[in-house]
Structures are given as structure tokens and as C-alpha cells.
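Have a look at the model below before reading on.

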Amino acid sequence: MVSWAFLLVSLWGAWFTWNAYRPIYRPAPLATISFFAGWLTSELAMHHLAWQLAATFVFAWAGAFEEWPGRIGLAITVASWAALYRCQSRAREAAEVMEEALVSALGPDYRREGPAGIEKWDPIIEWRKLAMPFRMRHPEVTRVRNVEYAQVDGTRLHLDVYHRRDRPVGCPVLLQIHGGAWILGSKDEQALPLMYHLASHGWVCVSINYRLSPRATFPDPIVDVKRAIAWIRAHAAEYGADPGFLVVTGGSAGGHLAALAALTANDPEYQPGFEDADTHVDACVAFYGVYDFTDSQGHYRNRGLARLLERQVMKVPLASAREAYERASPLARITEQAPPFLVIHGDRDTLVPVEEARHFVAQLRARTRSPVAYAEIPGAQHAFEIFPSIRTAIVVHGVERFVTVLHARARAARSTAAPAASAAS
């Protein structure tokens with residue numbers, strides 16, 4: 001019985017490993033299970049190896065290898081360990097992908113445009129954080145919680161502000177929009193590695209809540225995002241920020257909202273009652289976002305997302321409200337005035353097809369004059385960067401390089417424009 005039990009445990013562990021390499025894309029319920037299993041395995045490969053190793057020692061002590069099922073289980077487990085090690089090593093491939101994306105968008109000498117030392121900005125792997133990935137904080141960063149930025153229909157909307165403890169001034173701003181399929185999630189648990197890192201390097205990061213479905217109906221979420229941008233313009237200086245340079249980011253549903261906000265600057269449709277507020281952003285970093293509510297290219301492998309949109313988010317069928325779906329789609333809102341974009345997507349994403357990101361980037365590059373960087377991260381599942389991992393550290397440093405260079409370019413443009421304006425007057 002012990003030998004058979006070990007064989008079953010070995011097969012269970014091996015499935016997690018196999019799923020990290022070969023996830024399930026359909027039907028929707030299995031794709032969701034595959035996401036959770038693959039996400040945790042690919043980002044916590046060494047943690048999985050550790051529990052498998054511990055289980056193997058326990059079963060060995062109990063005599064599991066005395067019978068043939070146990071010996072077969074041991075062979076399966078050893079193969080799983082090798083694949084997990086390869087999974088961990090593969091995470092480092094993100095470094096080359098991120099660098100190629102930035103070079104293609106910003107130019108081969110982009111690092112020379114940032115502050116002194118950016119040439120050497122490569123990720124530092126902090127093994128203590130990797131060992132305890134769910135304990136996220138930074139000794140140099142203060143988090144101001146639950147600042148109210150709006151009241152809508154009796155709902156109080158709150159945000160958190162992350163800034164350096166020494167309170168520098170004139171800091172660029174990052175606005176983070178959480179994901180969760182527009183129906184769940186909060187400002188408290190997503191993009192923490194990115195926000196803590198940027199805040200420790202002199203950014204002010206703002207993470208917001210917004211109204212969720214099914215109580216809310218689109219466009220309520222994007223209206224709340226616009227309200228948050230207006231709040232940042234009015235109040236972020238109180239936390240040391242320069243609201244003159246604002247980057248918006250988010251993952252999944254948050255990636256959709258971030259992209260839509262970036263592509264609908266000052267659109268009165270999404271600013272009811274505050275139409276005159278300046279809601280433009282200077283760049284967008286979109287993680288594994290949804291960019292086409294209509295699925296015009298047929299990328300979706302199952303009907304899960306379409307059912308969610310029709311029943312919970314839009315609350316009308318696509319067939320009878322196609323124009324509304326198109327107006328809610330970043331893909332349909334691209335113009336040549338689009339700001340710079342960095343689009344990041346995992347090539348093992350089971351919830352949002354990577355093909356959608358590829359098509360969105362192709363359309364951006366065809367129509368906008370701004371830089372568009374695309375990083376397709378090898379081995380990455382949906383939501384891969386929510387907690388510290390090797391892959392997360394590499395991608396976060398890549399995002400930092402992208403937004404820092406854009407900020408440097410914006411400051412240089414301001415410096416050039418100011419004397420010209422004075423001379424003209």
C-alpha cells in the first residue's frame with residue numbers, strides 16, 4: 001500500500017510539472033484549473049521540488065521502494081525533478097526577451113538616455129524574497145492605505161499610495177489597476193513586486209479599487225479608472241509625485257482597463273460629470289490583457305470569456321450590442337496618438353490567448369507613432385508576476401528600464417520646450 005501511495009503521489013506531482021509545460025486550453029473549467037496549477041508550478045518550481053523531495057524521503061523511510069510501484073514512482077519523481085529544474089532555469093530566458101523588446105522599441109542605445117548607471121541595470125535576484133514569496137514589503141517604502149478618491153452611487157472608492165520613506169519630490173507616477181475578470185480582486189494583492197520596486201527607486205505608485213461586476217456594468221470600471229487619473233493630477237503632489245508624468249499598468253482585466261485608459265484620453269464618454277479633467281497618460285504597461293471584446297480574430301479557444309462578458313460585465317449579447325463591445329475594446333480604439341506601450345504576455349497563458357496580444361501589438365505598431373515594445377515571456381502563465389520569482393524580478397527590471405527611459409525623454413522634451421516657449425513669448 002505504501003508503494004502504491006507513493007506512485008500516486010509521484011503521478012500527482014508529475015502532473016503539476018507536465019502542466020507547466022503543456023497546459024490545458026479548453027474547455028474553460030479545465031483551462032482555469034490548468035492556470036492555477038501551472039502558475040504556481042512555473043513560478044515556484046523549487047518549492048515544488050522541495051515538497052516532492054520531502055515526500056520522497058518520508059516514503060523511503062516507510063519502505064515505499066521495496067515494491068515495484070514504489071520504484072516506478074521514484075523514476076517518475078526523479079524525472080519530475082529534472083523538469084522542475086529546467087523550468088526554473090528557463091525563467092532566466094525572460095531577460096533576453098525583455099532586452100530585445102526594449103531595444104526594438106527604444107533603440108539599441110536606450111540605456112544611455114536614462115540616469116547614470118542605467119547601463120548596468122540588470123535584475124538582482126534576492127533569494128530571501130524568492131524563498132518567502134508571499135511576504136511582500138520593502139524597508140524603504142511606505143504604503144498609505146485606503147485613501148478615498150471618489151464616491152459613486154453610495155460606493156466609496158479607495159486607493160493605496162506607495163512612496164519612499166524619505167519623501168523625495170518630483171517623482172513620476174505609476175497607476176496600477178488590478179485584474180480579476182472585472183468581478184473580483186482588489187488593490188491589495190496584485191503587482192506588489194513592481195510597485196515596491198519602483199517606489200524604492202523614486203516612483204510614486206498608486207493602486208486602486210474600482211466597481212466590480214455583476215453589481216457594476218461596463219463602462220463603470222473605466223470611468224472609475226478615469227476618476228483615479230483625475231485624482232492623481234489633483235492630489236499626487238501631496239505624496240511627492242509629479243503628476244505631469246503618469247504611467248498606467250495592470251494585468252488581465254486590469255491590463256484591459258489600462259490599455260483602454262491609455263487609448264481614450266479625455267474621452268467624455270468615460271468621464272461623466274468630469275469631462276474637463278485631464279485623463280491622458282504618458283505610457284502604458286499592459287500585462288496579459290484582454291484587448292478585443294468581440295474576438296474578431298477568433299483567438300479564444302473556449303467560450304468562457306464570451307459568456308463572462310455577456311452575463312456579468314457588459315450584460316448584453318455581443319450580437320445585439322456589437323458597437324458597445326467594440327468601444328470597450330482597446331483594439332478598436334487605437335489611433336496614431338496612442339502613447340508608448342509595453343505589452344507583456346506569457347506564452348503558456350491558458351486564460352487569455354497570447355495570439356490576442358500579438359495582434360494588438362501588430363495593430364499598435366501599424367498605426368501609432370509612439371514606441372511599442374512586446375515581450376512574450378517563455379514558460380509564463382497568466383498572472384505570473386504577482387509574487388516574487390526569478391521571472392518576476394527580470395520582468396520588473398525590464399519594466400523599470402522602459403518607464404525610466406520614457407520619463408527621461410519626457411523631461412528632456414520639457415527642458416527643450418521651455419526655452420523655446422520663452423523665446424516665442
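## Ground rules and overall build

Helices here are DSSP runs of H or I with at least four residues, strands are runs of E with at least two, and both are numbered from the N terminus. This is a predicted model. On that count, the protein has 13 helices and eight strands.

How does the radius of gyration sit with the globule rule? For 425 residues, a compact globule would come out near 22 Å, and the protein has 23 Å, so the two agree. Along the principal axes, the C-alpha atoms take up a box of roughly 90 × 55 × 40 Å. Of the 425 residues, 56% are buried.

## Contacts, surface and charge

Take the contacts between residues at least 6 apart in sequence: 79% of them link residues at least 24 apart.

In soluble globular proteins, nonpolar side chains tend to be buried together. In this model, the largest nonpolar core has 66 residues, and Leu 175, Trp 182, Phe 341 and Phe 360 have the most contacts inside it. Helix α9 (residues 253–263) gives this core its largest share, eight residues. There is also a second, separate core of 49 residues, with Leu 106, Trp 203, Leu 342 and Ile 390 among its members.

What does Leu 175 touch beyond its neighbours within four places in sequence? Its partners are Val 206, Ile 208, Val 225, Ile 229, Ile 232, Leu 246, Val 247, Val 248 and Thr 249.

Phe 402 belongs to helix α13 (residues 390–424). Buried or exposed? With a relative accessible area of 0%, Phe 402 is buried. Leaving out residues up to four places away in sequence, Phe 402 touches Leu 102, Leu 106, Cys 284, Val 285, Pro 340, Phe 341, Leu 342 and Ala 373. Gly 379 sits 23 residues from Phe 402 in sequence, and their C-alpha atoms are 22 Å apart.

Val 147 is part of strand β1. Its relative accessibility is 16%, and since buried means under 20%, Val 147 counts as buried. Its contacts, again not counting residues up to four places away, are Leu 157, His 158, Leu 159, Trp 231 and Tyr 239. Glu 99, 48 residues away along the chain, has its C-alpha atom 36 Å from that of Val 147.

Most residues other than glycine have a negative phi, and most peptide bonds are trans. Where are the cis bonds in this model? One joins Ser 213 and Pro 214, with omega at about 5 degrees. Another runs from Phe 218 to Pro 219, with omega near 20 degrees. Pro 214 lies in the loop between β4 (204–208) and α8 (220–235), and Pro 219 is in the loop between β4 and α8 as well.

Positive phi values turn up too. Asp 153, not a glycine, has a phi of about 50 degrees. Asp 153 sits in the loop between β1 (141–152) and β2, and at 69% relative accessibility it counts as exposed. Arg 167 also has a positive phi, near 50 degrees. Arg 167 is in the loop between β2 and β3 and is partly exposed, at 39% relative accessibility.

Asp 166 is found in the loop between β2 (155–164) and β3 (171–177). At 52% relative accessibility, Asp 166 counts as exposed, because the cut-off is over 50%. Thr 142, 24 residues away in sequence, is 9.2 Å from Asp 166, C-alpha to C-alpha.

Leu 30 lies in helix α2 (residues 28–43). Its relative accessible area of 40% makes Leu 30 partly exposed. Along the chain, Leu 30 and Thr 350 are 320 residues apart, yet their C-alpha atoms are separated by 9.5 Å.

Conventions
Residues are numbered from 1 along each chain as its sequence is written. This is a predicted model: local features need pLDDT of at least 70, side-chain atom pairs count only at pLDDT 80 or more; totals for chains, interfaces and linings use all residues. Side-chain values use heavy atoms; hydrogens and water are left out. The radius of gyration is taken over C-alpha atoms; the globule rule is 2.2 Å times the number of residues to the power 0.38. Buried means under 20% relative accessible area, exposed over 50%, partly exposed in between (1.4 Å probe, protein chains only). Contact means heavy atoms within 4.5 Å. A nonpolar core is a set of buried Ala, Val, Leu, Ile, Met, Phe, Trp, Tyr and Cys residues joined through side-chain atoms within 4.5 Å.
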